[in-house]
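Please look over the structure shown here before reading on. The notes that follow are grouped by topic.

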Amino acid sequence: MGRRGENIRKRQDGRWEARVVQGRPHGGKTNYKYLYGRSYQDVRRKKKVFLERRQPAGRDEILSPAENGLGDAPFRDVVSAWLACKKSEVKESTYSCYATMAEKHLLPALGAIPVGGIDSRCLAEFLEKKKTSGRLRGGPLSDKTLSDMKTVLMQILRFAKKRGMIPAVPDCPAMTSRTPDASVLTMGEQKQVEARVMEEDTPFSLGVLRSLYGGVRIGEVCGLQWRDFDCKNGTISINKTVYRITDMGGQDGPRTKVVIGTPKTDCSVRTIPLPTPVFQYFMARRRDGDCYIVTGTARYMEPRVCLDRYKRLLRRAGVADHSFHTLRHTYATRCVESGVDVKSLSEIMGHSNVKITLQRYVHPSMDAKKQQVNKLPCFPAGGQIRGQAYREIA
């Protein structure tokens, strides 16, 4: 339990939350930064690191736009200030996404506009144009990308309001987003993939099996080392992920680099039990602890190389093309079809609550639906319902 005065509490979803004062604008409410962790010690450590990294704050109050003309500041200057603050607050991968989105989408269209001139109409026109032809190579952006873009825009505008650059945050049009149907392997396709994996019997085979029987993300698969394999308890620990991001600090302009960092969220740090046959398969192929599971050597495999190898494996197996993430969807669906309780599945998948698991990753097949509805108690086939005669409706 957090100590009194620390501003640390346990949330209803099981996570711990720390609240840190970011500033007290003149005449306004106190601004807070919220940090989250899986335990009291974890979130207390994050709070300490955040406070140590934060630059000494000067006078946080800013005059209104009418008094100092701050509403005339170009939007690009506000974005630069916002990114500078975010750099010490978020993961490197998140910062890279923010900076890339600003450079490729926000600044070319809005950068020269005074921040005070960005109103609801301006936002609506910008998002509508991105919706129809926002891709850099032509074509519309996805609903997910548009939603993320709107979120970043609103964060920047709220940042400007807190610093007195604009009197209020303009309304932004609602974004209609549709979650695309996730692909799931049929039982026949799954058996074809498994047969090919067993036939080739390479270190890469272990990575495919780890996702097919654990729902592990592609970056997490690439980051697995044999030291993460617990041969005593038959589990694998997910504690890091491999990803390629834009290197915003490159001297010759933006370049990409591979980063091995913490998983997507705090809940993504987890321990996954292996089914007994898969555990035995892993035990027979165990290597030195420093070796990466998917390569069998001390050198990692980056996700795009992993995806290319997986695509080639699908062609050799005679299975239709799909993403590596389909293995994660397939695992969750098979678990539900087999009667695995949703709470356990949610923790295995690394989700903060069961709602995410049910909405995103559970896709029962029609055969499974029929099996479930046939469990309902019904009157005998061909029999009569007591007290009510059957008659055909003309």
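## Salt bridges and selected sites

Glutamate 200 is partly exposed, with 23% of relative accessible area. The model is predicted. The count of salt bridges in it comes to 21.

**Arginine 196 and glutamate 200**

- Glutamate 200 takes part in a salt bridge with arginine 196, and the closest N and O atoms are 2.9 Å apart.
- Both residues belong to helix H7 (residues 187–200), where about one helical turn separates them because they are four residues apart.
- Arginine 196 has a relative accessible area of 21%, so it counts as partly exposed, and glutamate 200, at 23%, is also partly exposed.
- Through salt bridges that share partners, Arg196, Glu199, Glu200 and Arg316 are joined into one network.

**Arginine 270 and glutamate 220**

- A salt bridge connects arginine 270 with glutamate 220, with 2.9 Å between the closest N and O atoms.
- Arginine 270 is in strand E8 (residues 270–273) and glutamate 220 is in helix H9 (residues 218–223), so this pair ties together parts that are 50 residues apart in sequence.
- Arginine 270 and glutamate 220 are both buried.

**Aspartate 321 and lysine 311**

- Aspartate 321 and lysine 311 meet through their side chains in a salt bridge, at 3.0 Å from N to O.
- Lysine 311 lies in helix H11, while aspartate 321 lies in the loop between helix H11 (303–317) and helix H12 (325–337); the two are ten residues apart, and the pair links distant parts of the chain.
- Aspartate 321 counts as exposed because its relative accessibility is 56%, and the cut-off for exposed is over 50%.

**Helices H3 and H4**

- Two packed helices are described by the distance between their axes and the angle between them.
- For helix H3 (residues 75–86) and helix H4 (residues 92–110), the axes come within 11 Å and cross at roughly 175°.
- H3 is therefore roughly antiparallel to H4, since angles over 145 degrees count as roughly antiparallel.
- On the H3 side, the contact is made by Phe75, Arg76, Val79, Trp82, Leu83 and Lys86.
- On the H4 side, the contact is made by Tyr95, Tyr98, Ala99, Ala102, Leu106, Leu107 and Leu110.
- Of the residues in the contact of H3 with H4, eleven are nonpolar, two are charged and none is polar.

**Serine 211**

- Serine 211 has its place in helix H8 (residues 203–212).
- With a relative accessible area of 0%, serine 211 is buried.
- The side chain of serine 211 reaches the backbone oxygen of valine 216 at 2.8 Å.
- Apart from its neighbours within four places in sequence, serine 211 is in contact with Val216, Val221, Phe324, Leu327, Arg328 and Tyr331.

**Leucine 141**

- Leucine 141 is located in the loop between helix H5 (120–133) and helix H6 (143–162).
- The relative accessible area of leucine 141 is 12%, so this residue is buried, the cut-off for buried being under 20%.
- Leucine 141 and leucine 127 are 14 residues apart along the chain, and their C-alpha atoms are separated by 9.9 Å.
- Setting aside neighbours within four places in sequence, leucine 141 is in contact with His105, Lys130, Lys131, Gly134, Arg135, Leu146 and Met149.

Notes
Residues numbered from 1 in each chain as written. Predicted model: local features only at pLDDT ≥ 70, side-chain atom pairs only at ≥ 80, totals over all residues. Heavy atoms only, no water. Buried < 20%, exposed > 50% of the residue type's maximum accessible area, 1.4 Å probe, protein only. Polar contact = N/O pair within 3.5 Å; in protein donor to acceptor, adjacent residues only side chain to side chain. Contact = heavy atoms within 4.5 Å. Axes fitted to C-alpha atoms, helices over the stretch in contact; angles between N-to-C directions. Parallel < 35°, antiparallel > 145°, perpendicular 65-115°, else oblique. Nonpolar A, V, L, I, M, F, W, Y, C, P; charged D, E, K, R; others polar. Salt bridge = Lys/Arg side-chain N within 4 Å of Asp/Glu carboxyl O.
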